[in-house]
Amino acid sequence: MVTREDVENIALLSKLFVPEEELDSLTQSMQDIINFADEINNAPASDEGFDNINNLSNVFREDVVVPSYPSEEILKNAPEQGEDHFLVRNRA
Amino acid sequence: MKYELVAGFETHIELQTKTKIFCGCTTQFGGEPNTHCCPVCIGLPGTLPVLNREVVRYAIKAGLAVHGEIAEVAKMDRKNYCYPDLAKAYQISQLYAPLIIGGYVELSNGRKIRLHHIHIEEDAGKLIHQHGDTYVDYNRGGVPLIEIVSEPDIRSIDEAKEYVEKLQQVMRYIGISDCKMQEGSMRCDVNISVRPAGSEKLGTRTEIKNMNSITNIAKAMEYEFERQTDLIESGGAVVQETLRYDDATGTTSSMRSKEDAHDYRYFRDPDLVTINVSREEVEALRAELPELPADKCRRYIGEFGLPEKDAQLLTKYRAISEYFDKACEGVKSAKTVANFIIGQIFRRTETESDKEVFAVATTPEQLNELVKLLDSGKIRNNLAKSTLEKMLDSGKGALEFISESDMGGVDEGALLELCKAAIEANPKAVEDFKNGKEKAIKALVGNVMKNSRGKADAVAAEAKIKELIS
């Protein structure tokens, strides 16, 4: 059973602000999602050997260096940057 | 009431692979900020991580070196937390099916510190806090780590220090990490609690995060042990929390309050497939391991008859033990070789990092040759010692400094002449000796040794001199 407190806690962990008036509807939505997942869990299936849809295992890279990106490219999408770093402002 | 300390460690060790765990960026330490990065390790949407094969191999070696069981099936999980050191807001780690289960580290007092498991994961980026803002460098983000999680088996600060040292030593031996605590390639989280001595029940623990030197680990544990004991004695209770140790004040302080205690919501990472480890691969990796320090130490004591202290000094670093092994080949007494290394060569490798590299001008083969000359009775100990000094200065072999005429001893008649000459040349020493200054005889013996170029037998010379002057 999903409670309002669960939703508040998840919002806190995800650094999301949830207005008080949305809590009830979000709690219901979350409960619906969980119910749906339960439904899938209850579907009859043999769980023999199923791991992933492509049935792959041991996909590895060799330990060979490839050139990294220039820092300008890496920082291009940063909301803010300073001295070649990603910059996170203190919101407090 | 007497209290007992109970501690467990979570030790992070950076693996010395060439590339990061999920992309081909270099793992080199340092570098200009954000220059060892690519879309994978800064977590851009649409990228896919692919596991570095070498990380799995290194971790398996680490597991074997601490007697762990290598899982046949291992999986990667996401550990979710929102903090700027992780670009993706989750760290790829292992919780449900780690690569290595169990294992132990044996201490010199015979106690085994059991390991719960070892898992592989990615390192986070580096944060620099300035004027309330945070600057993020992701060069370290995605560098492969193993995390070695021990059981709460540690009972004293000395055991804690030895545990960390032993891990450091063995991981360096097998060549998977340099384990430099000051550079962050080895970091420890210490879980610590206290309980009345003799009690079986574990007390409430606190966790001291990110310790980066053995000295600080010891200091922080000492402080925390006192703090918790005082708290309980005064009727209070320890609160489970995460602490930071402040080196400057020597105290611990709370990092996270209970309200935002972490809830990592682990789940299987759907981007990464299962790792299956064949038993053949495990055996092949086991065969690649060098002789481990604990085994070497036992061999030096058991086979070579070395004192435990010598054996420990010679096995502390792999380079020293390999030098010693080579220098010992075919010699009569390994103890002689040990004495030369510990007595003379160690004086030229003063720092720990010098000892670790053990780049000495004299090769182990050259030392071996010198010891064999000594074994065969062709030269005496004094000459061997002074020759080794010259060898260490020059990198040349023993025979560069020892001529045919130096070999063989000094006969009775020659010794008598040498002693007479020494007495004549040092009237003051003779006088002092006669007046009861026993030590004065050393100057006379020294003169004999010098003039015989180390060939004379010092004990015989001393006896002869005494005979002549008394």
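Everything here comes from a predicted model, where local features need pLDDT of at least 70 and side-chain atom pairs count only at pLDDT 80 or more, while totals for chains, interfaces and linings use all residues. Residues are numbered from 1 along each chain as its sequence is written, chains are lettered from A and ligands numbered from 1 in the order in which they are written, and side-chain values use heavy atoms, with hydrogens and water left out.

View 1. A salt bridge here is a side-chain nitrogen of Lys or Arg within 4 Å of a carboxyl oxygen of Asp or Glu. Helices are DSSP runs of H or I with at least four residues, strands are E runs with at least two, and both are numbered from the N terminus. B:Arg298 and B:Asp295 join up this way, at 3.1 Å from N to O. B:Asp295 is partly exposed, at 36% relative accessibility.

**View 2. A salt bridge between B:Arg348 and B:Glu389.** Here the N to O distance is 2.6 Å. This pair ties together distant parts of the chain, 41 residues apart: B:Arg348 lies in the loop between α8 (334-345) and α9 (352-357), and B:Glu389 belongs to helix α11. B:Arg348 is partly exposed at 36% relative accessibility, and so is B:Glu389 at 23%.

**View 3. A salt-bridge network in chain B.** Look for B:Glu54, B:Arg57, B:Lys61 and B:Glu288, which are linked together. Over all chains, the salt bridges number 38.

**View 4. Strand β9 of chain B and its partners.** Two strands count as paired if DSSP finds at least two bridges between them. Of the 11 residues in β9 (residues 112-122), 8 are buried. Strand β7 (residues 100-101) runs antiparallel to β9(B), joined by 2 bridges, and B:Ile100 has B:Ile118 as its bridge partner. Strand β8 (residues 104-106) is also antiparallel to β9(B), over 3 bridges, with B:Val105 partnered by B:Ile113. The β8(B)-β9(B) hairpin has 5 residues between its strands, and B:Gly110 takes a positive phi near 90° there. Strand β12 (residues 144-150) is antiparallel to β9(B) too, with 7 bridges; B:Glu121 stands opposite B:Leu145.

**View 5. An open sheet of 3 strands in chain B.** The order is β6-β5-β17, with antiparallel pairing. At the edges are β6 (90-93) and β17 (267-268), each pairing on one side only. Strand β5 (residues 77-80) pairs with β6(B) over 4 bridges, and B:Arg78 has B:Ile92 as its bridge partner.

**View 6. The loop around B:Phe401.** B:Phe401 is found between α11 (381-394) and α12 (412-425) of chain B. This residue is partly exposed, with a relative accessible area of 22%.

Key:
Buried means under 20% relative accessible area, exposed over 50%, partly exposed in between (1.4 Å probe, protein chains only).
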